[in-house]
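Student: I'd like a close look at a single part of this model, please. Could you walk me through it in one connected answer?

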Amino acid sequence: MNKRQRMTETAAVVLTLALLTGVAVAVPAYQRHRVRNEAAGAQVVELYASAERGIWTEERLLGWNSFFKHAEKRPIRIKAGQPTLLRLTSVDVHHSFSIPELRIVPHDVPPGHWTEIRLDPQERGTYTITCYTVCGSKHSTMDAELQVF
Amino acid sequence: MSNAASKPELEPAPSVACTPTPVAGRRASEIDVLRLVPPLAWLVKQRWFQFAVVLPNLILFVLFLAAGIFGTPVGNRNIIIVFVWILWWFVLISVMVPFASRLWCAVCPFPFFGEWIQRRALVRTRSFDPRTEKKSATGVTIGRNRYFGKNLKWPKALTNIWIQNIGFLMLCTFSALFLTRPIVSVVVLGSLFLIATVLHVIYRQRTFCSYVCPVSGFLSLFSMASTLEIRPRDTNVCTTCKEKACLAGSEHGWGCPWLLYPSKLERNNYCGLCMECVKTCTHDNMTVKLRPFCSDTVLKGYDEAWKAFIMLALAAAYSVLYQGPWGSFKDWANISEKLNWRGFGLYTATLWSASLLLIPAVFVGAVQAGRLLARRRGAEENAAAPAFKEVFLAFVYPLVPLGLLAWVTFSLPLLLVNGSYILMVSSDPFGWGWNLFGTANIPWTPLVPHWGPYLQVPLLLIGLYFALKTGKAHASRLFADQRSALKAFAPTATVLTSFVVFFLWLYVG
């Protein structure tokens with residue numbers, strides 16, 4: 001094997017490993033950067049809606065765990081007086097998100113899309129998150145508590 | 001693990017055996033692409049060529065797997081579902097297979113790591129077994145390549161495509177699951193990737209691709225119809241060639257990874273278009289040719305015939321399931337959401353019995369009826385009737401063009417209706433809210449869905465035309481006189497036409 005062949009082979013190996021590592025590093029890094037940019041200093045809360053479970057949850061429902069993950073209904077806590085970016089997505093069907101007491105009118109939350117809502121609650125308290133689209137047999141339980149502390 | 005030198009396969013595997021193609025008149029209309037486009041010849045002869053085309057695919061594949069695992073579970077917003085099962089599938093079945101044979105196998109990422117381990121090289125060729133190393137007349141070093149791993153021979157009883165037939169049918173039974181659930185696609189594709197890697201370490205060269213890969217099975221069948229082939233320019237050069245670098249390997253390339261004898265290639269079925277033979281040939285005698293549609297017309301065994309039955313049954317089943325108005329059938333297939341095990345059992349039983357028993361039985365009946373009709377006349381003229389197997393395989397061949405066009409017909413509306421998802425996931429491959437190209441939030445827009453039937457009907461009729469044409473050519477070859485040939489083929493022709501009428505009813509009825 002001559003020097004040129006050796007260099008080509010080395011370049012191929014390096015390129016392969018670099019690209020594979022690059023994908024593994026660049027994808028999550030870009031996502032973090034993007035969300036930080038979107039938030040522009042606001043606290044970020046991501047909520048996943050699941051009609052099958054009848055909940056809004058902060059637990060991440062992704063490709064690998066959405067089949068079996070048992071997400072529990074827990075209050076969603078945000079700090080009072082701090083701008084907040086709510087990022088909402090659905091893992092199954094259409095939902096619509098609303099917090100009437102905070103004058104957040106129903107926002108469409110289609111499956112696989114992200115809906116972003118900005119809010120800046122000043123008063124401490126507990127508010128009810130409601131789904132305004134009949135999303136399935138557990139629609140009646142499709143609510144959550146938003147605790148502003 | 002041994003560092004064994006592989007032994008070139010001097011005799012092709014049974015179903016890869018080479019006999020002259022019976023339907024004559026093809027040679028005159030072939031075009032030597034590498035002579036016509038010299039830059040292409042230069043390109044495919046570069047050692048880095050295959051690496052350069054596989055690597056981007058490997059990166060995309062890894063990205064798709066990551067999207068399936070960490071992306072949204074919503075199928076139509078996840079790139080693994082949209083790119084693999086809508087875009088890739090359509091391009092593969094409607095463009096690559098008909099016009100570029102098994103070109104996909106040349107760029108497929110599944111064997112990437114396995115082949116890397118086997119060869120311990122990504123681009124270069126490795127040293128030869130010193131006992132076989134010699135110089136050719138043209139000064140090129142030739143010898144059997146050394147491979148890392150066990151290098152075992154695949155069991156002879158399995159040198160056919162039955163594993164691929166059953167594997168593909170099994171996968172397709174659960175299609176509703178992996179067409180909608182990204183994680184199931186990850187499991188399916190990831191498993192194939194792992195199996196490919198493990199088998200490359202245990203068995204010789206592309207054993208996985210030849211005998212195990214379920215995608216390879218239907219590619220092998222439908223590539224017979226393709227308008228592209230790799231063949232020797234002049235078979236006389238191969239006959240007098242003493243070196244057989246295409247088999248053994250040379251300093252320019254590896255011996256045929258598909259364990260074929262390239263100089264005697266007569267069919268596309270088991271050639272993965274890796275271009276190694278184009279690189280290794282010391283006489284520059286291997287080339288890429290353009291040829292008429294349906295140039296390979298010989299099925300070699302029942303495994304290939306059954307592949308044709310399976311593909312036809314699946315095209316019909318999918319057309320009913322995914323494009324028909326019968327919601328209950330869809331519910332039966334969609335076991336993960338509906339959990340209707342009885343319905344799923346019925347769907348599975350129907351699919352498997354139609355693929356493996358019913359359609360084959362119809363063909364057996366048609367072929368036997370045809371032989372009977374022809375024999376009556378043949379007996380009068382003392383003509384010897386051809387054997388059942390010969391007639392059966394010849395008359396099943398028309399299912400190659402017909403099945404291929406049926407799949408194109410089925411796949412086309414899927415692309416037209418779901419094409420806009422491709423734009424969406426291109427901008428947001430993981431369903432994380434990205435908008436890379438500004439197309440993430442375009443509404444779902446079916447593309448000219450009303451054109452569907454106007455495109456489907458001619459496609460099906462083209463399939464029928466080639467089916468009847470090739471079937472009739474086989475009949476004329478097998479039976480003594482034209483009348484016997486027509487009588488023999490008539491029942492099969494009726495069956496083929498009935499299939500097309502059924503598809504037409506499904507699509508435009």
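Student: In which sense do β4(B) and strand β7 of chain B pair, and over how many bridges?

Tutor: Happy to! This is a predicted model, in which local features need pLDDT of at least 70, side-chain atom pairs count only at pLDDT 80 or more, and totals for chains, interfaces and linings use all residues. Residues are numbered from 1 along each chain as its sequence is written, while chains are lettered from A and ligands numbered from 1 in the order in which they are written.

To your question: β4(B) pairs with β7 (residues 286–290) of chain B in the antiparallel sense, over five bridges. Pairing here requires that DSSP finds at least two bridges between two strands; strands are DSSP runs of E with at least two residues, helices are runs of H or I with at least four, and both are numbered from the N terminus. Within this pair, B:I230 has B:V288 of β7(B) as its bridge partner.

Stepping back, chain B is divided into domain 1 (30–290) and domain 2 (302–508), with bounds that come from an automatic or database domain assignment. The C-alpha centres of these two domains of chain B lie 26 Å apart. Their contact takes 37 residues from domain 1 of chain B and 34 from domain 2 of chain B, where two residues are in contact if their C-beta atoms, placed from the backbone, lie within 7 Å. On the side of domain 1 of chain B that touches domain 2 of chain B, α4(B) gives the most, with eleven residues. The residues of that side divide into 26 nonpolar, nine polar and two charged (nonpolar: Ala, Val, Leu, Ile, Met, Phe, Trp, Tyr, Cys and Pro; charged: Asp, Glu, Lys and Arg; polar: the others, Gly among them).

Chain B also touches chain A, in a contact of 27 residues from chain B and 26 from chain A. On the chain B side, α3 and α9 (182–202) of chain B are the elements that give two or more residues, and α3(B) gives the most, with nine.
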